[in-house]
Amino acid sequence: MLNYAPMKDCEAINDQMLVLSSSVLKKEYKNQKITQTCLPIQAEAFYNKAVFLSDRSKNDSALIFYEKAIPILQKVKNEEMLAYTYIGLSTVFRRKADMSKAIDFLYKALAIHEKKKDFEGMGTVYTFIAHIYFSQQEYQDAFLYTNKALETYRKIHYVPGMIDALYNLGIICINTLN
């Protein structure tokens, strides 16, 4: 549902999910099914709130919500959402010009994608790592990771990823020549 509503409505609905899940989880229930149902909802709501804040460049606030999501995602073993959270954290740290932390979180996301053999996810993370190196004018590393992305996308015949990687390789080569 949140994918089809206007952004303002999505954020309002997400805030209601946060309030409701927090309210339910504060109460002690003997029935663990309620907790098992609400924890993933709360984690996703924290993640969504972080994305909404990050999109508005409220990076410090976004960090708080990403960090709230992590222990819950680990507890409910939602590794895919955990990888997205690490990528989101990387984006925030990149905006804050802390490239070391940005890359550290990308490697955490990469480890999850490698474990799950999610080649599209691996290619995406390689691309993000390459973008960081490119922004620091470390063209050899940017080239290396963009090439890794290309090879990863080739394994699964993911054409949009291959096109993006080839384009990025061209941009890197142009900048290397200049």
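Trainee: Where is Lys49 placed?

Mentor: Happy to start there. This is a predicted model, in which local features need pLDDT of at least 70, side-chain atom pairs count only at pLDDT 80 or more, and totals for chains, interfaces and linings use all residues. Residues are numbered from 1 along each chain as its sequence is written, and side-chain values use heavy atoms, without hydrogens and water. Helices are DSSP runs (H or I, at least four residues) numbered from the N terminus, and the place of Lys49 is in helix H2 (residues 32–55).

Trainee: Is Lys49 buried or exposed?

Mentor: Buried means under 20% relative accessible area, exposed over 50%, and partly exposed in between (1.4 Å probe, protein chains only). Lys49 has a relative accessible area of 13%, so Lys49 is buried.

Trainee: Nice! At what angle do the axes of H5 and H6 cross?

Mentor: Axes are lines fitted to C-alpha atoms, for helices over the stretch in contact (heavy atoms within 4.5 Å), and angles run from 0 to 180 degrees between N-to-C directions. The axes of H5 (residues 99–115) and H6 (residues 119–135) come within 9 Å and cross at roughly 165 degrees.

Trainee: Which is H5 to H6, roughly parallel or roughly antiparallel?

Mentor: Angles under 35 degrees count as roughly parallel, over 145 as roughly antiparallel, 65 to 115 as roughly perpendicular and the rest as oblique. That crossing angle therefore makes H5, relative to H6, roughly antiparallel.

Trainee: And Cys173, how does its relative accessible area class it?

Mentor: Cys38 counts as buried at 12% relative accessibility. Cys173 has a relative accessible area of 37%, so Cys173 is partly exposed.

Notes: Helix = DSSP H or I, 4+ residues; strand = E, 2+ residues; numbered from the N terminus.
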